[in-house]
Amino acid sequence: MNSQSLWAPLTGPLRVVRGYPRRAPLTSAYVCLLLVGHAWVIYGSTDRAATVLGHVSTNLDNLQDHPVSALIGSVLFFDGTLTDVASTDFIGTLITLGLGVCCFLAWAEHRWGAPRAAAVFLGGHVAATLLTAVVISVALQHGWYPADVRQALDFGVSYGAQTVLAIGTLALPRLGRLPWAAFVLAWPLGGADWTTGPLPDFTTIGHLIAAALGFGLLGVPAFRRQRRHAARLPSAVSDSEPHRGSVPEPASPAAGTQTPPSV
């Protein structure tokens, strides 16, 4: 067996990896930014990281005091682990960062373009965060959540990733869409905490809201078709180039004469 046959099974995956930055440049840059931020939190100054994460957490107090910096800063980090592979946090990282950002956000960027993919991701993050804050406020009024939830540490990409996971149902074959939708809704419920009252923990509610937003976008016509210029490219090329093997039209019987253009 020669060396070429040994590397043959890896040719396809390696081609996909090499072409990933070209197909999804915005997602590639964003993933690099998240990895750098995660490394800074893990290996940098613990006190400084705690201060920054506390500032960008999208809890009620921060949303009332500095909502813009909290909402924007929150998506610059992901709440998970890349090393503790035996933990449930690692599974969450695989779903949100691996599937949500690396796979489905890249698919959305390739399908609709970077601006629209970013709008879906950031829109899901912001809308789910604000709607969850409303739920938390109501729950606090009824005593369903403890009072310290107002200062809870809550940051990361999971709400935006959940929205992209839901709208990414379009990327699957029809037979796989219903099971995938069930998975998107079920995985947050798998780790839900119901000990505080009739509602699960607020992060579970946030993930369910983000999924509902993504599923709602499935009915928007703009998200059911690809970019127009990408769809028109093959036809434009075929129209501008001569067809190979085509037979030229016969010349006019009156040699050297031309049909006058119609007015």
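The largest nonpolar core of this predicted model has 27 residues. Tyr 30, Leu 34, Val 101, Leu 105, Phe 121 and Val 157 touch the most other members. Several elements give two or more residues to this core: H2, helix H6 (88-112), H7, helix H8 (158-167) and H9. H6 supplies the largest share, with seven residues. As background, nonpolar side chains in soluble globular proteins tend to be buried together.

**Tyr 30 and its surroundings**

Which residues does Tyr 30 contact, leaving aside its neighbours within four places in sequence? They are Val 75, Val 101, Leu 105, Phe 121 and Val 157. Of these contacts, Val 101, Leu 105, Phe 121 and Val 157 are also listed, like Tyr 30 itself, among the core residues that touch the most other members. Tyr 30 is buried, because its relative accessible area of 13% is under 20%.

**Aromatic pairs**

The structure holds five aromatic pairs. One of them joins Tyr 30 and Phe 121. Their ring centres are 5.6 Å apart and their planes stand at 75°, so the pair is edge-to-face. This pair links distant parts of the chain. Tyr 30 sits in helix H2 (residues 25-43), and Phe 121 in helix H7 (residues 114-141). The two residues are 91 residues apart. Phe 121 is buried, with a relative accessible area of 3%.

Trp 180 and Phe 183 make another pair. Here the ring centres are 5.2 Å apart and the planes are at 40°, so the pair is tilted. Both residues belong to helix H9 (residues 174-190). They are three residues apart, which means a separation of about one helical turn. Trp 180 counts as buried, at 14% relative accessibility. Phe 183 counts as partly exposed, at 31%. Ring pairs also bring in Phe 104, which forms a cluster with Trp 180 and Phe 183.

**A buried serine**

Where is Ser 57 placed? The residue lies in the loop between helix H3 (46-56) and helix H4 (60-65). Ser 57 is buried, at 1% relative accessibility. Its side chain reaches the backbone oxygen of Leu 53 at 2.6 Å. Leaving aside neighbours within four places in sequence, Ser 57 is in contact with Asn 62, Ala 70, Ala 152, Leu 153, Asp 154 and Phe 155.

**Cysteines without a disulfide**

How many disulfides does the structure hold? The count is zero. For Cys 32, the nearest cysteine sulfur is that of Cys 102, 9.4 Å away. For Cys 102, the nearest is that of Cys 103, 6.4 Å away. Cys 32 is partly exposed, with a relative accessible area of 47%. Cys 102 is partly exposed too, at 24%.

**Accessibility in brief**

The table gathers residues described above.

| Residue | Relative accessible area | Class |
|---|---|---|
| Ser 57 | 1% | buried |
| Phe 121 | 3% | buried |
| Tyr 30 | 13% | buried |
| Trp 180 | 14% | buried |
| Cys 102 | 24% | partly exposed |
| Phe 183 | 31% | partly exposed |
| Cys 32 | 47% | partly exposed |

Terms used
Residues numbered from 1 in each chain as written. Predicted model: local features only at pLDDT ≥ 70, side-chain atom pairs only at ≥ 80, totals over all residues. Heavy atoms only, no water. Disulfide = S-S within 2.5 Å. Buried < 20%, exposed > 50% of the residue type's maximum accessible area, 1.4 Å probe, protein only. Phe/Tyr/Trp six-rings, centres within 6.5 Å; stacked < 30°, edge-to-face > 60°. Helix = DSSP H or I, 4+ residues; strand = E, 2+ residues; numbered from the N terminus. Polar contact = N/O pair within 3.5 Å; in protein donor to acceptor, adjacent residues only side chain to side chain. Contact = heavy atoms within 4.5 Å. Core = buried A, V, L, I, M, F, W, Y, C linked by side-chain atoms within 4.5 Å.
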